[in-house]
Amino acid sequence: MGSRRGGDFSKFAASAGPSRATTAKIREIQTALKENKAARIVVATGIDLLAASSPPIATLVATYRVSKAAYDIANEANKAYQKTGDPNAAAVAAGKQVVKMAIGEARGEVINNMVDIGWTTIKTSAGLSTDDAQDRILTTALRNTLDEVLPQ
Amino acid sequence: MNEETLEKIMTANYSRVFKDMLLAAFKSDPKLTPSYLSEPIQRQRKIESEIEKQSNEMAKFLVGRLKEKRYLTKEPSDKELKVLIRETLHKFGVSK
């Protein structure tokens, strides 16, 4: 399953309003690029940019709750896998637990549908209040993590 | 299924979110992206490889701290999570 990018970072980071801190951090990254600083330093400056804005922090808080939800889904899939030994049946059982209906037969299809159709349910049960840009990042991560951890 | 599985899921998920946010910062910010894309392709690849490495390390560090605080079994508040997230970003960032 491929990774989709998180969308326009400036809209994402500025959803709480533009800040002098983020503008200053962007300048620091531009300087690090211009001065041909080591990749490690350039990335560390990028990490400072994440720390300077509220939306990335809020997304990282939400990541904890989404990971817990992913654990519950994987747990359900694992129980079904113990009974059937079939990764597709395991994914179907996990999908049914999330959206209370059948959402496909093949593992990959179920994972995609579970995240697409079940995202509102997952958000509600995890108590998340996130915007579209944050949802894009969180659902991409969830989809790929489920693909990695569900029985195959 | 146990704490070890939760730790694995959380590390994988955090690593992806860190990576996606950092890539978005470099590749889809109207102010920053032109500077980034004007770098030689080889350097861009090097930075992206470093993003992947740092994202994995930040995820491992953060989940390790969550585990130390027993937050894998007991759900922390948003405030408690933010403290550890800021600590992680601070440790891996330039500003000390």
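Chain A is divided into domain 1 (9-53) and domain 2 (55-149). The model is predicted. Between the centres of domain 1 of chain A and domain 2 of chain A, taken over C-alpha atoms, lie 31 Å.

**Overall make-up of chain A.** Chain A holds 7 helices and 0 strands. Read from the N terminus on, its elements run α-α-α-α-α-α-α. The chain has 152 residues, and 46% of them count as buried. Take the contacts in chain A with a separation of 6 or more: 55% of them join residues 24 or more positions apart.

**Helix α4(A).** This helix has 31 residues. From first C-alpha to last it reaches 45 Å, close to the 45 Å expected at 1.5 Å a residue. What follows just after α4(A)? There A:Gly85 takes a positive phi of about 70 degrees.

**The largest nonpolar core.** This core has 73 residues. Four of them touch the most other members: A:Ala70, A:Ala77, A:Ala94 and A:Leu150. Which helix gives the largest share of this core? Helix α4 (residues 54-84) of chain A does, with 14 residues. Both domains take part: domain 1 (9-53) and domain 2 (55-149) of chain A each supply at least three residues.

A:Ala77 shows what such a core residue touches. Leaving out residues up to four places away in sequence, its partners are A:Ala90, A:Ala91, A:Ala93, A:Ala94, A:Leu150 and A:Pro151. Among these partners, A:Ala94 and A:Leu150 are also named with A:Ala77 as core members that touch the most others.

**The contact between the chains.** In all, 43 residues of chain B are in contact with 47 residues of chain A. On the chain B side, α1 (3-27), α2 (33-37), α3 (41-68) and α4 (78-92) each supply at least two residues. The largest share comes from α1(B), with 18 residues. The classes on this side of chain B are tabulated below.

| Class, side of chain B that touches chain A | Count |
|---|---|
| Nonpolar | 23 residues |
| Polar | 8 residues |

**In short.** Chain A is built from 7 helices with 0 strands. On chain B, α1(B) supplies 18 residues of the side that touches chain A.

Methods: Residues numbered from 1 in each chain as written. Chains lettered and ligands numbered in written order. Predicted model: local features only at pLDDT ≥ 70, side-chain atom pairs only at ≥ 80, totals over all residues. Contact = placed C-beta atoms within 7 Å. Helix = DSSP H or I, 4+ residues; strand = E, 2+ residues; numbered from the N terminus. Nonpolar A, V, L, I, M, F, W, Y, C, P; charged D, E, K, R; others polar. Core = buried A, V, L, I, M, F, W, Y, C linked by C-beta atoms within 7 Å. Buried ≥ 20, exposed ≤ 12 C-beta atoms within 10 Å, placed from the backbone. Domains from an automatic or database assignment. Expected span 1.5 Å × (residues − 1).
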